[in-house]
Amino acid sequence: MVVAALLPIGTLSVVQALDSLDYSRTLIANRLVTSALATAGEERDTFIVAKHTLTTLSDNEEVRSMGPGCREGLKSGMLGNPALNNFARSDAQGIAKCSVLPFKAPLSFAQERWWQRGMAEKAFTISAPIMGPITKRRVLIGMLPIVDAQGRNDGAITVAINVAWLQTSLDNATKDNDAITAVTDAAGQIILINGPTTLPKFNTQGARGQIQEGVASDGTEWMYSAAPLYDKSLYIIYAEPKKEMMATALMQARIDLILPIIAILLASFALWVGTNRLVIRWLDSLRDLASQFARGDYTGDPQRCERAPRELGALCHDLHTMAQSIEARDTDLQAALAAKTVLTLDIHHRVKNNLQIVSSLLNLQSRRIEDPAAKEALDQTRARIGALAQIHRLLYEDANESAHGEVDIAVLLDQLTIQLRALHRHQSNIDLICVVQPHLVPVDSAVPLSLFAVEAITNVYRHAFPADALGSAKITYSVTDNEACLAVRDDGVGYDSGDEARSMGHQLMTAFAHQLGGKMEIVKGDGSGTTVTLIYPLPAAQSSALHQ
């Protein structure tokens with residue numbers, strides 16, 4: 001609230017400081033830009049004269065033809081131009097043909113960068129300062145390509161502009177003792193300068209018509225502007241030290257910015273002290289109370305917030321009332337859950353008992369039947385019913401897991417193995433082994449899994465070991481990533497795939513695999529033995545639990 005009250009005044013002060021600083025900067029920018037443009041304008045006249053002179057000379061027939069009067073034609077361009085040191089005419093291959101100043105032939109310009117640039121741009125260009133190949137002094141080369149009547153390259157006319165003259169002109173251009181004027185190339189490299197040599201790296205593109213700032217290697221901050229001297233190759237830089245230019249404006253801006261900040265900080269500190277004593281310590285107490293209730297501990301002292309502010313005291317009272325209501329509801333829910341658990345276990349127990357009664361009835365009926373095929377069918381039915389009874393027995397006996405509708409597949413298959421050994425005790429020549437790690441599976445999966453295992457093991461007893469041959473069978477169950485695999489392997493004689501495919505057991509196993517969304521595979525080994533596998537995808541929740 002204090003910050004909000006002081007914010008308009010502080011904002012106004014900040015805006016005023018920034019406006020004042022921006023106004024001062026605008027004035028400085030205008031002065032720098034104007035100075036750069038004025039200096040560039042003064043120096044640019046020489047380049048304009050040089051261009052017009054080359055254009056005039058290019059119309060001279062003696063110069064174009066590079067005949068005997070070429071030198072005299074070029075010499076006429078130097079009248080009244082002290083900054084122009086020399087004119088030269090070269091052919092299409094860059095070989096100098098004539099010049100105002102004498103030169104030693106042969107002289108070729110073809111490998112010079114300024115020549116290649118001029119030929120590429122096909123227009124008047126100015127080079128960076130170089131040592132003149134004819135004048136033997138530092139000059140700027142102005143070049144104008146020439147084309148013949150058919151538009152073909154016919155060489156060029158070049159002019160040498162005296163760098164010493166440009167330096168003198170540059171020295172006379174700066175009127176402020178703190179300012180410097182420099183000539184740079186397009187990359188910002190200094191070519192000529194009339195002041196100290198410790199300067200920042202100049203950004204000629206960003207400073208065109210604008211101001212830029214830079215820091216020299218000695219730490220001095222500079223503000224500068226740039227203007228093109230001629231085309232895009234040379235620039236005039238006008239720069240002044242930032243400290244001297246911005247000192248007064250920066251001091252006033254700092255004062256305007258600091259005073260409201262100090263006022264806000266002092267007021268905020270006072271507000272923080274009061275708020276901490278009146279509000280925050282009581283909120284911390286309420287947070288601890290809420291954490292205690294969240295842990296299930298609903299014991300608390302309602303009198304602990306008597307001295308708290310009225311609103312916080314009311315909130316504390318509401319928290320205690322809420323805790324009492326939650327505790328009462330938790331008690332009712334726990335009682336209801338316990339009753340539901342007892343009822344569910346009783347249902348599983350009754351179903352298991354009923355299935356055992358059915359299994360016993362089938363056993364009695366089996367003893368009175370003489371037909372081996374009918375007797376075997378009843379025994380097979382008893383095995384299937386026994387598998388279902390085992391599932392309900394496990395759900396009944398394991399109260400914790402039965403609430404989630406899951407059974408341990410290791411215990412289930414182990415119990416089925418015991419039952420099937422007892423059911424086929426007259427076939428003691430077969431060693432039935434169960435090797436399964438504990439793993440919880442939903443009842444919806446456990447039912448088709450156990451019935452699949454019963455059918456597969458029954459097939460082993462019926463077909464794998466004729467004439468009381470010795471052998472073994474193994475049951476395994478494994479889980480990898482998002483799939484589970486139930487396998488029954490034996491080392492018997494195998495089976496007839498044609499007869500097996502038509503059997504009821506094969507049809508049932510195929511149906512159980514489809515019920516799980518998986519597939520059944522029956523593989524007979526190269527030597528002996530058969531492997532029956534059921535591969536099916538795990539339910540989404542079970543797969544997620546495995547990854548966690």
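Which helix does Ile28 lie in? Ile28 is part of helix α1, covering residues 2–58. Before going further, note that this is a predicted model. The protein chain averages a pLDDT of 80, and 87% of the residues score at least 70. One stretch to treat with care is residues 544–548, where pLDDT stays under 50; the model has 5 contacts beyond four places in sequence for that stretch.

Back to Ile28. Its relative accessibility is 7%, so Ile28 counts as buried, the cut-off being under 20%. What does Ile28 touch, leaving aside its neighbours within four places in sequence? The contacts are Met223, Met245 and Met246. Tyr224 sits 196 residues away from Ile28 in sequence, yet the two C-alpha atoms are 9.6 Å apart in space.

Tyr224 brings us to the strands. Tyr224 belongs to β10 and stands opposite Gln212. Strand β9 (residues 212–215) runs antiparallel to β10, with 4 bridges joining them. The hairpin of β9 and β10 has 5 residues between the strands, and there Gly219 takes a positive phi near 90°.

β10 also pairs with strand β11 (residues 234–241), again antiparallel, through 8 bridges. Here Ala226 stands opposite Ile237, and Ser225 stands opposite Tyr238. Strand β7 (residues 180–185) pairs with β11 too, in the antiparallel sense over 6 bridges, and Thr184 stands opposite Tyr235 in that pairing.

Are the residues of β11 buried or exposed? β11 is mostly covered, with 8 of its 8 residues buried. Leu234, Ile236, Tyr238 and Glu240 point one way from the strand, while Tyr235, Ile237, Ala239 and Pro241 point the other way. Both sets are buried.

Now for the cysteines. The model has 1 disulfide, between Cys70 and Cys98, with the sulfur atoms 1.8 Å apart. The pair links distant parts of the chain: Cys70 is in helix α3 (residues 70–75) and Cys98 in strand β2 (residues 96–99), 28 residues apart. Cys70 and Cys98 are both buried. Another cysteine, Cys485, has a relative accessible area of 19%, so Cys485 also falls on the buried side of the 20% cut-off.

On to charged pairs. Side chains of opposite charge can pair when their charged atoms come close. How many salt bridges does the model have? The count comes to 11, and the table gives some of them.

| Asp154 | Arg89 | 3.3 Å |

Arg89 has 0% relative accessibility and so counts as buried.

Glu121 and Arg117 both lie in helix α4 (residues 113–121), 4 residues apart, or about one turn of the helix. Glu121 is partly exposed at 45% relative accessibility, and Arg117 is partly exposed at 25%. Glu311 and Arg310, by contrast, are both exposed.

Finally, Glu213, Glu221 and Lys242 are linked in a network of salt bridges.

Technical notes:
Residues are numbered from 1 along each chain as its sequence is written. Side-chain values use heavy atoms; hydrogens and water are left out. pLDDT is the predictor's confidence in each residue, from 0 to 100. Contact means heavy atoms within 4.5 Å. A disulfide is a pair of cysteine sulfur atoms within 2.5 Å. Helices (H or I, at least four residues) and strands (E, at least two) are DSSP runs, numbered from the N terminus. Buried means under 20% relative accessible area, exposed over 50%, partly exposed in between (1.4 Å probe, protein chains only). Two strands pair if DSSP finds at least two bridges between them. A salt bridge is a side-chain nitrogen of Lys or Arg within 4 Å of a carboxyl oxygen of Asp or Glu.
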